[in-house]
Amino acid sequence: MNDRAGRRRARRLAIGTAVVLALAGMNGPWLYRFGTAKYHQYQINKPEYKAANGKWEIVQFPKEYRQNTIHAALLRTGKVLLVAGSGNNQDNFDAKRFDTRIWDPVKGTIKKVPTPSDLFCTGHTQLANGNLLIAGGTKRYEKLKGDVTKAGGLMIVHNENPDKPITLPAGTTFTGKEGGKTFVSKDPVVVERATKVFDKKTGKFLRNDPGLGRIYVEAQKSGRKYETGTQDNYRIHGLTGADARNTYGIAQKLALDKKDFQGIRDAFEFDPVAEKYIKVDPMKEARWYPTLTTLSDGKILSVSGLDDIGQLVPGKNEVFDPKTKKWTYTPRIRQFPTYPALFLMQNGKIFYSGSNAGYGPDNVGRDPGIWDVASNRFTKIPGLSDAKEMETSGTVLLPPAQDEKFMVIGGGGVGESAQSSNRTRIVDLKADSPRFVDGPTLEKGTRYPQASILPDDSVLVSGGSQDYRGRGNSNILQARLYHPDTNTFESVADPLVGRNYHSGSLLLPDGRVMFFGSDSLYGDAANTKPGVFEQRIEIYTPPYLYRDSRPSLSGGPQTIARGASGTFTSPQASVIKKVRLIRPSASTHVTDVDQRSVEMKFTVSGDKVKVTMPGNKNLVQSGWYMLFVDDDQGTPSKAQWVRVP
């Protein structure tokens with residue numbers, strides 16, 4: 001325990017002891033009445049308590065501005081983009097009611113923004129120009145087994161013609177050669193030409209490997225009698241001659257089973273100045289639950305997701321070029337579960353922590369490791385505790401980012417499992433042989449924990465639930481500050497609102513932390529009443545903002561190149577002890593791969609603070625950042641926005 005944490009805990013104990021002794025002499029009924037909600041409010045609003053524990057406050061938007069916020073990103077204007085899309089509400093989806101809000105946490109203003117597609121369960125990341133790239137979303141809501149009336153599923157179309165691809169329109173009919181049952185495609189599909197395979201030594205032609213296309217097909221009529229029980233080959237209606245001979249379908253069981261969500265290919269940049277979506281080239285693959293991660297060259301990697309037929313994208317990853325606004329496939333295949341936590345390392349490779357959210361086989365792409373995207377080499381990292389409980393875990397790059405240490409927090413079993421982990425695991429990627437070791441434990445097994453980096457180098461870990469989507473009223477109303485220097489948790493004030501699935505958090509430029517969302521499956525402990533989406537915003541003000549004073553920062557350049565310096569003014573320059581450059585968050589589904597806090601070297605002369613930008617482009621990616629200075633008490637200034645070209 002560090003000295004600061006020790007002093008805070010001692011102060012909290014002293015306050016609590018004094019109150020208990022004072023109340024002990026009063027009569028029982030009065031003590032009972034006073035010792036409930038009113039007393040709790042009295043205690044948590046005492047200056048001494050807030051200075052030691054911080055404070056939570058609820059922000060309730062006017063009714064006409066409320067929405068089921070699924071995604072949030074801090075924009076370079078200091079405003080917050082709140083994206084719902086259809087908000088996990090099929091009535092909204094069917095009516096094409098897609099929502100986005102822009103909230104100014106300083107002025108308190110809220111603005112509705114026209115939303116062009118269902119950006120529910122999309123992916124997003126900050127771009128170098130200050131825009132937010134958003135890609136993917138929802139094409140179709142899932143249908144549970146009892147709601148499916150027409151048998152259907154995945155049809156793999158084979159094209160054995162090496163000379164040309166073939167296009168099949170929506171409404172193409174397939175009839176099984178063995179079972180004789182007929183199915184119809186829901187969308188068009190392009191099936192690439194076959195690949196000629198030759199013997200590497202002799203050059204002799206061996207065979208044609210067929211090109212493959214994937215589409216969703218459905219029976220023409222409702223009823224169980226139209227299901228198939230086994231694999232079948234399918235004749236494609238409307239084809240003649242060589243096309244009919246070379247093209248066919250193969251499908252496994254086509255049944256009334258649950259049908260998963262389907263993704264879209266749509267991609268947009270959100271302009272924070274114009275405050276509008278700008279359509280860019282669509283992705284090659286439809287994706288629902290993808291992760292977007294910035295690469296060493298500034299291009300954006302898009303990974304995983306469910307495709308336009310509700311299947312996990314089979315490792316076909318792709319890259320967005322911000323200059324051309326176009327997508328291209330990566331040369332090699334690698335598959336991950338949905339919303340994988342992928343972070344750019346200082347050597348240009350990608351660290352995968354094993355954290356993910358939601359969909360994919362339990363034995364594919366789950367191992368943590370270091371991925372060289374160019375060569376597709378993947379080096380596993382050992383030592384991960386509770387390795388089978390990584391779904392819905394959180395991952396954070398611990399400050400300062402130069403140390404390249406990551407913490408993986410909590411998690412649960414695959415799918416709707418009730419299992420949850422109370423572990424934290426830490427890995428030092430700068431070690432000769434990186435290996436996970438356990439950090440301090442959480443009090444309870446925790447799915448969906450939120451972790452936000454603060455400018456004093458602590459990490460706020462809050463919320464989550466013990467069970468899947470908060471079943472059994474298992475939301476965890478606890479918050480802790482993790483101190484990387486001592487590898488300890490410090491308990492702070494408890495949040496007022498439970499947060500589980502579809503929730504997130506992000507650091508604001510004034511040093512506070514915003515929390516949004518939560519989508520409990522049920523609304524009662526008995527799991528009998530449907531849950532209600534949490535539309536309230538909650539703000540946590542850390543203890544450092546309840547001190548007598550805080551440093552200020554002004555002037556200075558708006559742009560600082562890597563390796564260059566910039567000079568700012570601060571009347572408190574003589575007591576400045578840290579300078580941190582923090583990348584703004586883009587958060588959803590326990591996934592925030594953007595946030596990082598970079599240590600900046602600095603010198604002080606009079607009231608001037610000269611800061612120097614690190615030179616590594618993988619450590620400091622191009623884009624907009626919040627620049628904070630901390631005084632000798634650990635109190636941060638408000639942020640100055642700085643662009644790194």
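# Close-up views of a predicted model

**View 1. A network of salt bridges links Lys79, Lys111 and Glu275.** A salt bridge is counted where a side-chain nitrogen of Lys or Arg lies within 4 Å of a carboxyl oxygen of Asp or Glu. The structure holds 27 salt bridges. Side chains of opposite charge can pair when their charged atoms come close. The model is predicted, so local features need pLDDT of at least 70 and side-chain atom pairs count only at pLDDT 80 or more, while totals for chains, interfaces and linings use all residues. Residues are numbered from 1 along each chain as its sequence is written, and side-chain values use heavy atoms, with hydrogens and water left out.

**View 2. Glutamate 318 and arginine 287 form a salt bridge.** The closest N and O atoms are 3.0 Å apart. Glutamate 318 lies in strand E24 (residues 318-321) and arginine 287 in the loop between E21 and strand E22 (291-294), so the pair ties together parts that are 31 residues apart in sequence. Strands (E, at least two residues) and helices (H or I, at least four) are DSSP runs, numbered from the N terminus. Both glutamate 318 and arginine 287 are buried. Buried means under 20% relative accessible area, exposed over 50%, and partly exposed in between, with a 1.4 Å probe and protein chains only.

**View 3. Aspartate 457 and arginine 580 form a salt bridge.** Here the closest N and O atoms are 2.8 Å apart. Aspartate 457 belongs to the loop between strand E34 (450-453) and strand E35 (459-462), and arginine 580 to strand E42 (residues 576-582), so the bridge ties together parts that are 123 residues apart in sequence. Aspartate 457 counts as buried at 10% relative accessibility. Arginine 580 is buried too, with a relative accessible area of 5%.

**View 4. Glutamate 534 meets arginine 536 in a salt bridge.** The N to O distance between the two side chains is 2.8 Å. Glutamate 534 is buried, with a relative accessible area of 15%, whereas arginine 536 is partly exposed, at 27%.

**View 5. Arg265, Lys279, Lys284 and Lys326 form a positive surface patch.** Patches are made of residues with over 30% relative accessible area and no salt bridge; like charges are joined within 9 Å, and nonpolar side chains (Val, Leu, Ile, Met, Phe, Trp, Tyr) within 5 Å. Accessible areas come from the Shrake-Rupley method with a 1.4 Å probe, and for residues only the protein chains shown count as cover. Lys and Arg count as positive and Asp and Glu as negative, while His and the chain ends are not counted. The place of a charge is taken as NZ of Lys, CZ of Arg, CG of Asp or CD of Glu. Lysine 279 counts as exposed, at 52% relative accessibility.

**View 6. Phenylalanine 270 and tyrosine 277 form an edge-to-face aromatic pair.** Rings of Phe, Tyr and Trp (its six-membered ring) pair if their centres lie within 6.5 Å; planes under 30 degrees apart count as stacked, over 60 as edge-to-face and the rest as tilted. By this rule the count comes to 24 aromatic pairs. In the pair of phenylalanine 270 and tyrosine 277, the distance is 5.0 Å centre to centre, with 75° between the planes. Both phenylalanine 270 and tyrosine 277 are buried.

**View 7. Phenylalanine 351 and phenylalanine 406 form a tilted pair.** The ring centres are 4.6 Å apart and the planes stand at 45°. Phenylalanine 351 lies in strand E27 (residues 350-352) and phenylalanine 406 in strand E31 (residues 405-409), so the pair ties together parts that are 55 residues apart in sequence. Phenylalanine 351 counts as buried at 0% relative accessibility, and phenylalanine 406 counts as buried at 1%.

**View 8. A cis peptide bond joins proline 399 and proline 400.** Its omega is about -10°. Proline 400 is found in the loop between strand E30 (394-397) and E31. Most residues other than glycine have a negative phi, and most peptide bonds are trans. Threonine 392 has a positive phi of about 65° although it is not a glycine. Threonine 392 is located in the loop between strand E29 (377-380) and E30, and is buried, with a relative accessible area of 6%.
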